Amino acid sequence: MSKILIVDDEERIREIIKKYAEFEGYDTVLASDGMEAVDACKKESFDLIIMDVMMPELDGYSACREIKKICSTPVIMLSARGEEYDRINGFEAGVDDYVVKPFSPKELMLRAKVVISRNEGVSKNIVPPEAVTHDVFKAEGLEVDFTSRKITVNGENVDMTPKEYDLLFYLVKNRGIALTREKLITEVWGYDYYGDDRTLDTHIKLLRNSLGEYRKFLTTLRGVGYRFEVE
């Protein structure tokens, strides 16, 4: 049985999410602020964390950053604000999905199912070190190591959010191909993703910032999508 940590300073919201989560068969643990969430993650492991942004003691973004130092548990962030700035803050903190309040508990559970199943799939694909052969793409000063999920720009390691890695890897693997927005969302987030394409826009912006001068390889195709192309 998967276990979910539900973090929100409003008891009513905690109880609603708990009710729907337990109906779906999840075990639940509740926390009322970011500090409690961090402490809970130090004591036990979870398959997913659903956490509000605005909370006393420690806000959701800060709590997420602290939790990511302890474990790699996926996080769905809840927020009353859906501006691009807020989404960027969340994704930079390591958030896997972003849900704007007011939200549908049923949709939240569908998102939770997708995030948990995707994380389980990643954890099962473990290869012994001696069997690893590195798949590396190089272009000028950009190096993309698919095997170790490592990006270097002019010899310097670049830290990215999990979805930035996924998006860049898919673009590079399909370099020279015009990729529609729908195709990117389906392949990177999953066919059953329930968000909107503003998430893609936010990650493209983050990705370009991470690539620095090599953002030139990522071309916007107006009305279509994007293409990764190296001359």
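User: How do helix α7 and helix α8 pack, at what angle and how far apart are their axes?

Analyst: In this predicted model, helix α7 (residues 181-189) packs on helix α8 (residues 198-211) at an angle of about 85°, and their axes are 10 Å apart. That angle makes α7 roughly perpendicular to α8.

User: Which residues meet there?

Analyst: From α7 the contact involves R181, L184, I185 and W189, and on the α8 side these meet T199, L200, D201 and H203. Sorted by class, the contact between α7 and α8 has four nonpolar, two polar and two charged residues.

User: And which residues of α7 are buried?

Analyst: The buried residues of α7 are L184, I185, V188 and W189. They cover an arc of only 95° around the axis, so they sit on the same side of α7.

User: What happens to the backbone just after α7?

Analyst: Just after α7 comes G190, which takes a positive phi of about 110°.

User: Back to α8 for a moment: is T202 buried or exposed, and what does T202 touch?

Analyst: T202, which is found in helix α8, is buried, with a relative accessible area of 1%. Leaving aside residues up to four places away in sequence, T202 touches E84, R87, I88 and F91.

User: Switching to the sheet, what is the strand order, and is the pairing parallel or antiparallel?

Analyst: Five strands form an open sheet in the order β2-β1-β3-β4-β5, with parallel pairing. The edges are β2 (27-31) and β5 (97-100), each of which has a single partner strand, so one side of each is left without a neighbour in the sheet. From one strand to the next, the twist averages 20°.

User: How many residues of β4 are buried?

Analyst: Five of the five residues of strand β4 (residues 75-79) are buried, so β4 is largely enclosed by the rest of the structure. Both of its faces are covered, with V75, M77 and S79 buried on one side and I76 and L78 buried on the other. In general terms, the side chains of a regular strand alternate between the two faces of the sheet.

User: How many bridges join β3 to β4, and which residues stand opposite V75 and L78?

Analyst: Strand β3 (residues 48-52) runs parallel to β4 and is joined to it by four bridges. I49 stands opposite V75 in β4, while D52 stands opposite L78 in β4.

User: Which strands does helix α2 lie across?

Analyst: Helix α2 (residues 34-43) lies across β1 (3-7), β2 and β3, and runs at about 160° to β1.

User: Last topic, β12: what does it pair with?

Analyst: Strand β12 (residues 225-228) pairs in the antiparallel sense with strand β10 (residues 179-180) over two bridges, and also in the antiparallel sense with strand β11 (residues 218-221) over four bridges.

Terms used
Residues numbered from 1 in each chain as written. Predicted model: local features only at pLDDT ≥ 70, side-chain atom pairs only at ≥ 80, totals over all residues. Heavy atoms only, no water. Pairing = 2+ DSSP bridges. Axes fitted to C-alpha atoms, helices over the stretch in contact; angles between N-to-C directions. Parallel < 35°, antiparallel > 145°, perpendicular 65-115°, else oblique. Contact = heavy atoms within 4.5 Å. Nonpolar A, V, L, I, M, F, W, Y, C, P; charged D, E, K, R; others polar. Buried < 20%, exposed > 50% of the residue type's maximum accessible area, 1.4 Å probe, protein only. Arc of directions from axis to C-beta.
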